[in-house]
Structures are given as C-alpha cells and as structure tokens.
Amino acid sequence: MLGLKLPTDPRWVNIVEKNVEFILTDHAYCEQKATSTAISLIVSFPEYTELVQEMVALVKEEISHFKMVHDKILENGWVLGRDRKDEYVLKLITFFPKGGSRTTQLVHRLLYAALIEARSCERFRLLSEELEDKELAEFYRKLMVSEANHYTMFLGFARQYGDKNEVNEKWQNLLDFEAKIMADLGKRETIHG
Ligand SMILES: [Fe+2]
Ligand SMILES: [Fe+2]
C-alpha cells in the first residue's frame with residue numbers, strides 16, 4: 001500500500017527496544033521537522049491555496065505529535081536531548097536536480113515529503129506490531145494511521161499540481177533510489193536509521 005520497494009528488517013525493532021530514550025528523542029525531531037516542512041511549504045508556495053490550507057492543518061497535527069512524543073519522554077523521567085542529523089533524509093533529498101520551474105520544485109518537495117511519511121509509517125507499523133512494550137506499541141499504532149494519511153495527501157498534491165504521468169515516473173524512480181539508501185540502514189535506533 002505504501003509502494004516502498006524494500007521492507008525494513010524486523011530485527012531493527014530489537015535494536016530500538018534496547019534504547020527507547022534514543023529513538024524517542026530522534027522521533028520527536030522527526031515530528032518537529034514535519035512541522036517545519038509544512039510551514040516552509042506555505043512560505044515558499046503561498047499561491048497554492050489548497051496546499052496552504054492543508055499545510056495549516058498539518059502544522060497543528062505534527063506539532064501535536066511532537067507533544068505526544070515529548071510527553072512520553074517526560075513520563076519516563078527523561079529530558080529531550082539534542083537533535084542529530086538524519087542521514088536518510090539528507091541522502092534522499094539529493095535525488096532530484098536542483099532548480100527548474102516553481103511547479104517542478106514544488107513537485108519534488110511534495111514527493112520527498114510523501115516518501116518520508118511513507119517510510120515513517122512503515123517503521124511505526126513495525127513498532128506497533130513487534131514492540132514488547134504494549135503501551136508503546138499502541139502509541140505507534142495511532143501515529144502510523146496519521147502518517148499514512150499524510151503520505152496519501154502529499155502524493156495526491158504532487159499529482160494534482162504536476163503532470164500526472166511525469167509525477168508517477170518520478171515517484172517510481174525516487175522509490176528505487178530510496179530502496180538503495182535503505183539497503184545500508186535498519187541498524188540504528190533512529191526512526192529512519
Ligand atoms: Fe507526525
Ligand atoms: Fe506526518
């Protein structure tokens with residue numbers, strides 16, 4: 001359903017379980033970055049009215065996810081740590097050439113966002129199914145549903161604003177590229193690591 005070409009090795013969950021504090025910190029920043037991305041799309045593409053409206057709703061939802069994760073960190077008696085580089089995202093966003101028309105740039109950013117949501121959703125699903133801690137598993141199940149909706153929304157906007165065939169081809173190529181990045185990942189206790 002998510003179209004991803006390489007599923008995460010379920011053993012990644014065993015790595016995560018050994019360091020819940022670390023994954024929650026990383027996860028909190030994923031939600032913060034999702035919020036920042038939505039704001040940045042509003043600022044960069046204000047004339048896309050429908051997108052702006054949806055991004056306003058998304059900002060609220062993603063910052064509420066940030067709070068959910070932050071509350072979880074506090075519940076455990078921890079304090080939010082510093083952000084770390086997300087190697088996965090940094091590699092992913094090198095795929096499309098820079099520049100091009102505004103529409104092209106918008107489509108590329110929407111496709112990146114769709115893919116990051118899809119992979120996050122896949123990772124949350126795995127956590128919801130495999131975590132021994134059933135409370136934490138339920139926490140991830142709820143978030144998985146939200147991220148699946150975001151994936152659909154971003155991909156839908158890309159197809160709406162760009163040329164549909166071209167967008168579909170770009171999406172398939174991006175999925176292939178992402179699978180190659182993923183082949184070296186799944187070994188660290190981060191959401192995309
Ligand atoms: Fe989120
Ligand atoms: Fe999201």
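The expected span of a helix is 1.5 Å times one less than its number of residues. In this predicted model, helix α6 has 28 residues and reaches 41 Å from its first C-alpha to its last, close to the 40 Å expected on that basis.

- Helix α6 covers residues 134–161.
- At the start of α6, a side-chain oxygen of Asp133 comes to within 3.1 Å of the backbone nitrogen of Glu135.
- Glu62 coordinates both the iron ion (ligand 2) and the iron ion (ligand 1), and the two ions are 3.4 Å apart.
- Glu147 and His150 are separated by about one helical turn, because they are three residues apart in helix α6.
- An α-helix has 3.6 residues a turn, so residues three or four places apart point the same way.
- Both Glu147 and His150 are buried.

**Aromatic rings and charges over rings**

- The count of aromatic pairs comes to nine.
- The pair of Phe139 and Tyr140 is edge-to-face, because the ring planes stand at 85°, with the centres 5.3 Å apart; planes over 60 degrees apart count as edge-to-face.
- Phe139 counts as buried because its relative accessibility is 9%, and Tyr140 is buried with a relative accessible area of 1%; the cut-off for buried is under 20%.
- The pair of Phe157 and Tyr161 is stacked, because the ring planes are at 5°, with the centres 5.6 Å apart.
- Phe157 and Tyr161 lie four residues apart in helix α6 and are therefore separated by about one helical turn.
- Phe157 and Tyr161 are both buried.
- Ring pairs join Phe157 and Tyr161 with Phe45 and Tyr48 in a cluster.
- Lys72 lies over the face of Phe139, 5.2 Å from the ring centre.
- The charged end of Arg123 is placed over the ring of Trp12, at 4.4 Å from its centre.

**Helix α7 and the segment after it**

- Helix α7 spans residues 164–183; its 20 residues reach 29 Å from the first C-alpha to the last, close to the expected 28 Å.
- Which residues of α7 are buried? They are Val167, Lys170, Trp171, Leu174, Leu175, Glu178, Ala179, Ile181 and Met182.
- The cover over the buried residues of α7 includes α4 (87–92), α5 (102–130) and α6.
- Glu178 counts as buried because its relative accessibility is 0%.
- The side chain of Glu178 makes a polar contact of 2.5 Å with the side chain of Tyr88.
- Apart from residues up to four places away in sequence, Glu178 touches Leu4, Tyr88, Leu92, Leu115 and Arg119.
- Thr190 is located in the segment after α7 and is buried, with a relative accessible area of 7%.
- Not counting residues up to four places away in sequence, Thr190 touches Trp12, Phe22, Ile23, Asp26 and Arg123.

- Ile15 belongs to helix α1 (residues 12–17) and is partly exposed, with a relative accessible area of 26%.
- Once neighbours within four places in sequence are set aside, Ile15 is in contact with Gly186, Lys187, Arg188 and Glu189.
- From C-alpha to C-alpha, Ile15 and Phe154 are 30 Å apart in space, and they are 139 residues apart in sequence.
- Leu41 is part of helix α2 (residues 20–44) and counts as buried at 1% relative accessibility.
- Leu41 and Met55 are 14 residues apart along the chain, with their C-alpha atoms separated by 7.5 Å.
- Beyond residues up to four places away in sequence, Leu41 touches Met55, Leu106, Arg109, Leu110 and Phe154.

Terms used:
Residues numbered from 1 in each chain as written. Chains lettered and ligands numbered in written order. Predicted model: local features only at pLDDT ≥ 70, side-chain atom pairs only at ≥ 80, totals over all residues. Heavy atoms only, no water. Phe/Tyr/Trp six-rings, centres within 6.5 Å; stacked < 30°, edge-to-face > 60°. Buried < 20%, exposed > 50% of the residue type's maximum accessible area, 1.4 Å probe, protein only. Helix = DSSP H or I, 4+ residues; strand = E, 2+ residues; numbered from the N terminus. Lys NZ or Arg CZ within 6 Å of the ring centre and 35° of its normal. Contact = heavy atoms within 4.5 Å. Donors = N, O, S within 2.8 Å, 3.2 Å for Na, K, Ca; no water. Polar contact = N/O pair within 3.5 Å; in protein donor to acceptor, adjacent residues only side chain to side chain.
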